[in-house]
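Please open the model in your viewer and keep the selection panel at hand.

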Amino acid sequence: MASFSNPFDPNSKLGKGCQCGQHNSQAAHDEAEAMNTQQLGDRAVEGAIMRALFPHDETRRNFLRTVGAGTAFAAISQFLPINFMQEAFAETGGALEKTKLKVGFIPITCATPIIMAAPMGFYAKHGLDVEVVKTAGWAVIRDKAINKEYDAAHMLSPMPLAISMGVGSAPVPWTMPAVENINGQAITLALKHKDKRDPKSWKGFKFAVPFDFSMHNYLLRYYLAEFGLDPDVDVQIRSVPPPEMVANLRAGNIDGFLAPDPVNQRAVYDGVGFIHILSKEIWDGHPCCAFSASKEFVTTMPNTYQALVKSIIEATAYANKDENRKSIASVIAPANYLNQPVTVLEQVLTGTYADGLGGIQKVPTRVDFEPFPYESFAIWILTQMKRWGQIKGDVNYQKIASEVFLATDAMKLMKDAGLVPPKSNTKKFFVMKKEFNPAKPEEYIASFPIRKA
Amino acid sequence: MKNFKPWLPAMLSIIILLIFLGVWHLATLPTQGTIDPNLDPEYAKLLGASAAVGQKSTMPTPADVLDKLWVNVKDPFYDHGTNDKGIGIQIAYSLARVSLGFGLAALVAIPFGFLIGMSPLLYKALDPFIQVLKPISPLAWMPLALYTIKDSAISAIFVIFICSIWPMLINTAFGVSTVRREWINVARTLEVKPLRMAFKVILPAAAPTIMTGMRISLGIAWLVIVAAEMLVGGTGIGYFVWNEWNNLSITSVIVAILVIGIIGMILDLLLGKVTKWVSFKE
Amino acid sequence: MNELDPIIKIQGIAQRYPKREGGTTTVFENLHLNIQKGEFVCLIGHSGCGKTTILNVLAGLDSTSEGYVFVDGREINGTSLDRAVIFQSHALMPWLSVKDNIGFAVKSRWPDWTKVQIEAHCLKYIQLVNLSGAENKRPAELSGGMKQRVGIARALSIAPKILLMDEPFSALDALTRGVLQEEVLRICAETKQTVFMITHDVDEACLLADKVVLMTSGPQARIAEIVENTMPKPRTRATLHHDPQFYKIRNHLVDFLVNRSKMHLTDPNALDFDPKYPPVVQPGLDNIAA
């Protein structure tokens with residue numbers, strides 16, 4: 001039985017203690033069982049609308065506290081056709097072509113929506129029986145996904161682009177229906193470097209990133225290059241599986257890494273490193289991990305695909321709420337999922353964390369979960385792949401971006417799920433204060449003094 | 001040198017073990033860290049136990065490992081979902097994979113080795129291929145297997161198969177080709193039919209050599225399974241190691257190492273018994 | 001079958017193989033020999049004259065370059081259960097017990113026999129070679145002499161028409177050898193077994209053989225002469241040297257091995273006789289000492 005907590009409950013929090021483990025209390029469990037599916041769908045739509053109207057959780061909570069849930073709903077219903085949207089939601093989705101699915105994930109906090117959607121019933125709500133399978137590394141998850149052992153998989157957002165273009169693997173048309181998370185990465189340095197906070201002093205450092213085709217690689221390179229270091233000449237950057245990063249940092253084999261969490265916080269927890277900066281300080285709102293599936297899956301099983309993406313989009317929205325973060329941390333911490341101390345995950349998800357230098361930082365937006373796959377994200381990634389020589393020659397940026405990043409579909413599915421999608425498939429953004437214009441990718445590449453191409 | 005009491009080696013083993021455990025214990029004993037008076041207690045709460053007293057987390061002591069071993073051994077068959085199963089279940093998965101891959105390899109290697117051993121022409125013609133394929137690391141086969149077979153479960157079994165086939169093939173061929181001429185001549189003068197010759201003369205004559213090959217192969221298969229499972233993940237003792245490593249739980253990794261070693265030893269002992277049974281003195 | 005129709009007829013066999021530098025090496029050639037049923041024939045010659053090859057040809061384990069071998073009027077074509085071989089190195093299968101080694105042969109001879117029949121047959125032959133009590137031992141647990149007894153029992157158990165022995169006692173110590181020789185003598189007398197045996201041992205030939213075939217040294221070895229052992233039977237080792245013929249025959253054989261076996265190499269005309277009918281001599285009845 002799926003759970004969808006009441007979006008009009010200002011104190012909504014998930015805890016442990018019902019029969020099925022999916023509700024914050026036995027009462028919530030009973031309530032959920034009593035509710036029929038229609039009501040659940042209503043709740044989802046209402047929740048999405050509340051979120052869309054009041055994107056800032058603090059504002060929304062205050063609003064609800066002040067006026068009360070019932071009043072709020074009545075008020076909003078007056079100027080939004082909520083009833084109509086609820087009907088639309090109920091109608092979407094024909095018969096599912098397949099209900100038993102396997103979805104691969106890498107045990108990092110970026111995978112939070114994919115993982116928690118299983119124990120918290122987001123998949124079940126859409127009639128899917130999803131087994132989330134922990135996987136050893138990015139190359140393996142790619143190969144298993146290509147080999148159809150997984151119906152869909154957690155990937156790094158550059159990977160669907162690379163797979164589609166056949167960079168680093170055989171070319172297979174791949175898609176990215178949703179982003180998992182934005183921000184949530186960090187540069188961690190070994191404790192011995194705690195006085196070298198200026199990147200200009202990092203010449204000769206050895207860095208680790210999780211994969212060649214990762215935002216981590218591109219962000220670290222970008223960051224270093226902005227400080228005048230050529231990442232291919234002045235430092236070494238290696239692809240290292242996340243669990244080995246902390247071990248290597250402890251052993252002194254590497255000086256630092258730009259890694260997904262919980263690796264950064266784990267380095268602090270184990271007393272071997274400190275968090276230099278969060279990745280949001282490089283590019284606030286950068287995409288990181290992605291929910292991906294083959295084009296074949298999308299086209300041959302459209303209903304399953306839509307149900308799956310809707311589950312993910314809803315889970316993502318749920319995970320984005322600050323008030324849910326603590327409970328999510330305890331849900332994904334056990335050995336079946338991330339296999340990490342709850343403290344570490346809590347620090348990552350709530351943004352109240354030890355920085356490794358004796359200070360407690362409070363950055364509630366350390367990691368956020370936003371599903372929309374802007375095509376301009378894809379174009380930026382492609383510019384960096386070209387900038388660092390991973391792809392060569394002419395690149396049809398817009399075509400690849402729209403084929404792989406399924407922004408138009410996401411728009412529709414977000415609407416179906418009762419969320420308010422962005423109006424445009426692209427958006428402008430700034431990376432280290434430099435504006436990126438997706439219409440002029442080549443000029444963008446040419447504007448960097450340090451580059452390979 | 002041979003005149004020692006029968007209990008002496010066992011006692012020596014125990015003394016070596018105790019010395020090893022003692023050194024390990026002393027080396028990993030947590031040094032009394034002083035808590036930094038300036039350290040914010042709120043901050044300390046966010047850190048791991050040893051980091052909170054201003055240290056890097058350390059190697060586990062033998063007692064930690066024994067504790068963990070007991071935790072794993074007392075409930076070996078729990079199942080907390082796809083990615084979290086008891087060590088007994090993981091071992092069962094690994095053993096199943098090993099027996100499948102190794103069994104298939106034996107099914108292919110022994111008859112094929114027989115043919116090669118019977119034909120000096122084939123022996124010479126195939127030898128270069130065998131010599132090239134034999135030393136290839138399991139981890140080198142894995143990407144190729146994943147790419148062509150397109151199924152990680154079958155790939156893992158294939159990698160065990162391909163790595164454990166060679167010692168059996170080589171030993172069978174060698175054993176068969178070096179069967180004493182006189183035994184074959186005896187059988188020939190008795191007008192023994194080819195099949196009876198193969199099963200009643202050549203097979204028992206070559207059996208000790210074949211069994212030696214099987215023992216080497218099984219050892220390799222057990223080595224390979226851990227590496228293969230660490231790579232493809234999902235289930236098995238190799239996945240267990242990887243999953244605990246992912247959690248930086250060196251204690252659990254050491255437990256797994258112990259378990260892997262003991263099971264490898266048991267497998268070898270079992271085949272050793274069979275070898276003894278088919279061996280003969282001349 | 002009448003007395004004059006030999007059970008084994010060897011007609012003009014030769015063994016040649018190509019030399020590395022061209023041409024051919026001839027180990028032996030133009031070999032003719034008849035063996036009568038019930039005869040005990042010993043073949044004596046220096047190493048390298050192809051004795052073992054001749055035995056293997058008779059066994060069907062080897063083929064010749066030229067010539068024919070007939071057994072019972074039929075040309076040899078491969079091995080046969082009618083011709084049992086006792087190998088110099090006993091050739092027992094070490095993974096089988098004494099009984100099973102013999103049983104393996106018995107089962108080959110009579111595939112349809114039941115286990116009980118086979119077992120009874122085996123025990124009979126184990127008893128014949130005085131090995132009762134050792135049926136269930138493995139060859140490794142037996143002494144050299146006991147092993148060779150098993151080899152003899154195995155060969156006899158299949159009731160062969162011809163027994164082929166390749167220096168069966170050469171690996172044994174003198175004492176054991178003597179005991180086994182007498183046993184063979186006894187068994188062959190009982191069974192009237194046709195035997196073809198290779199030996200180096202002149203005394204052994206004097207004791208066992210009805211005829212001793214002497215070969216010249218290789219290459220191009222040939223049969224030099226056939227010595228008939230005219231000493232009366234039964235013979236025993238203990239009394240043999242009291243027989244007046246013994247030293248005549250023995251000296252004749254030793255003399256051949258020491259002096260005359262190489263004669264054709266120095267004098268091609270020394271063997272000026274029809275190889276189909278090598279000279280048959282009876283030195284034991286010769287009044288002039290050789």
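**A helix pair in chain A**

Helix 17 of chain A and helix 18 of chain A form a right-handed crossing (the near helix is turned clockwise from the far one by less than a right angle). This is a predicted model, in which local features need pLDDT of at least 70 and side-chain atom pairs count only at pLDDT 80 or more, while totals for chains, interfaces and linings use all residues. Residues are numbered from 1 along each chain as its sequence is written, and chains are lettered from A and ligands numbered from 1 in the order in which they are written.

Select residues 375–387 of chain A for helix 17 and residues 397–404 of chain A for helix 18; they pack at about 125°, with axes 9 Å apart. Helices (H or I, at least four residues) and strands (E, at least two) are DSSP runs, numbered from the N terminus; axes are lines fitted to C-alpha atoms, for helices over the stretch in contact, and angles run from 0 to 180 degrees between N-to-C directions.

**A sheet in chain C**

Move to chain C, where an open sheet of seven strands has the order 6-7-8-3-9-10-11, with mixed pairing (at least two DSSP bridges between two strands). Its edges are strand 6 (83–86) and strand 11 (280–281) of chain C.

Finally, select C:Leu43 and its bridge partner in strand 8, C:Ile198.
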